[in-house]
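Subject: Structure handover

Hello,

Here is the structure for your files. My notes on it follow below.

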Amino acid sequence: MFRRPALPPFPAGGLLVGGAARDVLRGVTPRDFDWAVPDPRNAAQVLAAQRQGSAFPLDLQRGYWRVHLAEGEQHDFVPLPADVTADLLRRDFTLNALALTGDGRLLDPAGGQRDLKARRLRMVSASNLRADPLRAWRAARFATTLNFTLELETERVVRQVAQEVAAGTLPMPAWERVRDEMQALLAHQDAAPGVQRLEGLGLLALTLPELREGQGVGHGGFHHLDVYAHNLEALHQLLARTPDAPLPLRWATLLHDVGKPRTQARDPDTGRLTFHGHDKVGAAMTGAMLERLKLSSADTRHAAKLVAAHMVPLPATPQEARRFVHRRRDLLPDLLRLMLADREAARGPQSTPASRHAYALGLERVLEALEEQPERSPPPLLSGSEIMALLHLPPGPRVGVAARQLAEAAALREVTTPDEARAYLLAWQSVDTG
């Protein structure tokens, strides 16, 4: 079937279990190793000493230990169960109900190896899926990331679990656990089909109901898909061009038009659909959705800011490009990648080769300006106290406004010396207060 990769030495009396055993049988070297051993603490400390890693307890009460090694390799150690077969049969899917012994024997009580050969994702039992409803999300994730077919009865039970969670007869999993499944799904190259798989199984309505609001909402013009399908296509376009796109950018691309259904209106004069302010509404929605999923504050802010900025016009001149870079440096180059994915996902009647060429030129201007401008701003030409003395300003927000205005002028090379900076600020003040 597959050629087994080389494995590290087995701990004394230990078994390699679950996903690690599955990956070995698929011919893939695991990055995360799960071991069932007689003495987890000792096994962890021995491995850490042998390979200069760090060992620490995950759960002292249950005897769980973890070892971190170089380059992200991780080993978890849990107590060896008294009945290994019964323990394996409590797992979610047959391809995870596997264990390898130190002498190369395979323990496979649920027929997981047969399903691996058939590239089939099959549950161990319906009761196992219901015992932990998160396993429904895992079904979507594994089917997508392994490119396996979801066995029909397993698919039926997954749909039923989703319905029961929606009805409240099964509990909704903790958002942190749902987040981890969603992040693992979005990290894959086939993330867009994976999101659609969630929809087909009834899980998207439990996870990102706001995204589904775009179904059936047409927006014409540059677009050939409804809002929901356009969001997914933009994610597909992003990953086709940027396979290593960071997760916040993937989230922002998936959600970039999520505000359109709530801002939809019809122009009374032309009768055309409008979505004024959908970028700002979408940014607020993105922030709320990712907070619900318990993403980090930094990732949530970055994704929301990308959504808020994705409609900003591209520059028509080199000077405008420098201003674009100065004002949005913290979002680059992610913002350009999102904007390109958005445009490439739109193939409606207004999306002509000429319009796409003009868009590409705007992107090139920004990239050129990005290369020209240093990441770190040069020292200010005037200090805050010098600005206050020059403009006769007391301490307060107005000083900050003047300092930012001067910093932008310096970044755009409109001023290069302290004398030019003074003249610039005096002219700016006269216009601003005139």
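Which helices and strands each supply at least two residues of the lining of the largest pocket? They are β1 (15-17), α1 (18-25), β2 (32-37), β4 (64-68), β5 (74-79), α3 (84-88), α6 (134-145) and α8 (175-186). Helices (H or I, at least four residues) and strands (E, at least two) are DSSP runs, numbered from the N terminus.

This is a predicted model, with local features needing pLDDT of at least 70 and side-chain atom pairs pLDDT 80 or more, while totals for chains, interfaces and linings use all residues. Residues are numbered from 1 along each chain as its sequence is written, and side-chain values use heavy atoms, without hydrogens and water.

A pocket here is an open set of points on a 1 Å grid over the protein atoms alone, where a 1.4 Å probe fits, with protein on both sides within 12 Å along at least five of seven lines; lining residues have an atom within 4 Å of a point. The largest pocket has 40 lining residues, with Gly18, Gly19, Asp34, Arg91 and Arg138 nearest its centre. Helix α6 contributes the most to that lining, 6 residues.

The second largest pocket is lined by 26 residues, and Phe222, His223, Lys260, His278 and Met311 are the closest to its centre. Its lining takes at least two residues each from β11 (273-274), α15 (278-292) and α18. The most come from α18, with 3 residues.

Helix α18 (residues 334-344) also meets helix α19 (residues 353-372): the contact (heavy atoms within 4.5 Å) involves, among others, Leu336 and Met339 of α18 and Tyr359 and Leu363 of α19.

Regards
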